[in-house]
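Here's a walk through one protein model, written for someone who would rather look at side chains than at tables. Keep the viewer open as you read.

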Amino acid sequence: MRRDEPSVAPAANLTLVVMKDGAKISSFTTDSEGRFRIALPPGHYMVEKDPVTKIGSWRFEAEVKPGEMTTVRWVGDSGMR
């Protein structure tokens with residue numbers, strides 16, 4: 001890897017919180033490959049790193065529809081250069 005190339009790796013063992021309408025409703029931790037599965041009722045959710053940090057970007061939104069599995073693929077930025 002060159003110095004100016006980004007380092008890419010799964011977000012392993014990262015704790016994230018699930019927010020709906022500004023309230024924390026759940027949390028989960030990713031596995032060693034950055035994967036996770038959580039059961040949520042239908043609705044619109046914001047998911048972010050716990051604890052929230054000022055450095056980097058660890059947030060995404062998800063829309064859960066009735067009777068469907070929602071797949072999300074997101075990219076977090078640690079802010080480290």
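Glu 48 and Arg 59 form a salt bridge, with their closest N and O atoms 2.7 Å apart. (A salt bridge here is a side-chain nitrogen of Lys or Arg within 4 Å of a carboxyl oxygen of Asp or Glu.) Glu 48 sits in strand β3 (residues 43-49) and Arg 59 in strand β4 (residues 59-64), so the pair ties together parts that are 11 residues apart in sequence. Strands, like helices, are DSSP runs numbered from the N terminus (E, at least two residues, for strands; H or I, at least four, for helices). Glu 48 counts as buried, at 11% relative accessibility. The cut-offs are these: buried is under 20% relative accessible area, exposed is over 50%, and partly exposed is in between (1.4 Å probe, protein chains only).

How many salt bridges does the structure hold? It holds 2. In the other one, the side chains of Glu 33 and Arg 35 meet at 2.9 Å, N to O. Glu 33 is partly exposed at 46% relative accessibility, and Arg 35 is exposed, with a relative accessible area of 55%. As a general point, side chains of opposite charge can pair when their charged atoms come close.

## About the model

Before going further, note that this is a predicted model: local features need pLDDT of at least 70, side-chain atom pairs count only at pLDDT 80 or more, and totals for chains, interfaces and linings use all residues. Residues are numbered from 1 along each chain as its sequence is written, and side-chain values use heavy atoms, with hydrogens and water left out.

## The sheet

The protein has 0 helices and 4 strands, and its elements run β-β-β-β from the N terminus on. The 4 strands form an open sheet with antiparallel pairing, in the order β2-β1-β3-β4. (Two strands pair if DSSP finds at least two bridges between them.) β2 and β4 stand at the edges with a single partner strand each, so one side of each is left without a neighbour in the sheet. Direction ignored, neighbouring strands are turned by 30° against each other on average; the axes are lines fitted to C-alpha atoms, for helices over the stretch in contact, and angles run from 0 to 180 degrees between N-to-C directions.

Now for the pairings themselves. Strand β1 (residues 15-20) and β2 run antiparallel and are joined by 6 bridges; Leu 16 has Phe 28 in β2 as its bridge partner. β3 and β4 also run antiparallel, again with 6 bridges, and there Val 47 has Phe 60 in β4 as its bridge partner.

Which residues of β4 are on its covered face, and which on its uncovered one? Phe 60, Ala 62 and Val 64 are on the covered face, while Arg 59, Glu 61 and Glu 63 are on the uncovered one. In a regular strand the side chains alternate between the two faces of the sheet.

The largest nonpolar core has 9 residues: Leu 14, Leu 16, Val 18, Phe 28, Tyr 45, Val 47, Phe 60, Val 64 and Trp 74. β1, β3 and β4 are the elements that give two or more residues to this core. (A nonpolar core is a set of buried Ala, Val, Leu, Ile, Met, Phe, Trp, Tyr and Cys residues joined through side-chain atoms within 4.5 Å.) Of the protein's 81 residues, 20% count as buried.

## Loops worth a click

Leu 40 is in the loop between β2 (23-29) and β3, and is partly exposed at 22% relative accessibility. Leaving aside residues up to four places away in sequence, Leu 40 touches Val 18, Ile 25, Tyr 45 and Val 64 (contact means heavy atoms within 4.5 Å). Its C-alpha atom is 9.6 Å from that of Lys 65, 25 residues apart along the chain.

Asn 13 has a phi near 55°, a positive value in a residue other than glycine. Asn 13 lies in the segment before β1 and is exposed at 56% relative accessibility. Asp 21 also has a positive phi, near 55°; Asp 21 sits in the loop between β1 and β2 and is exposed, with a relative accessible area of 76%.
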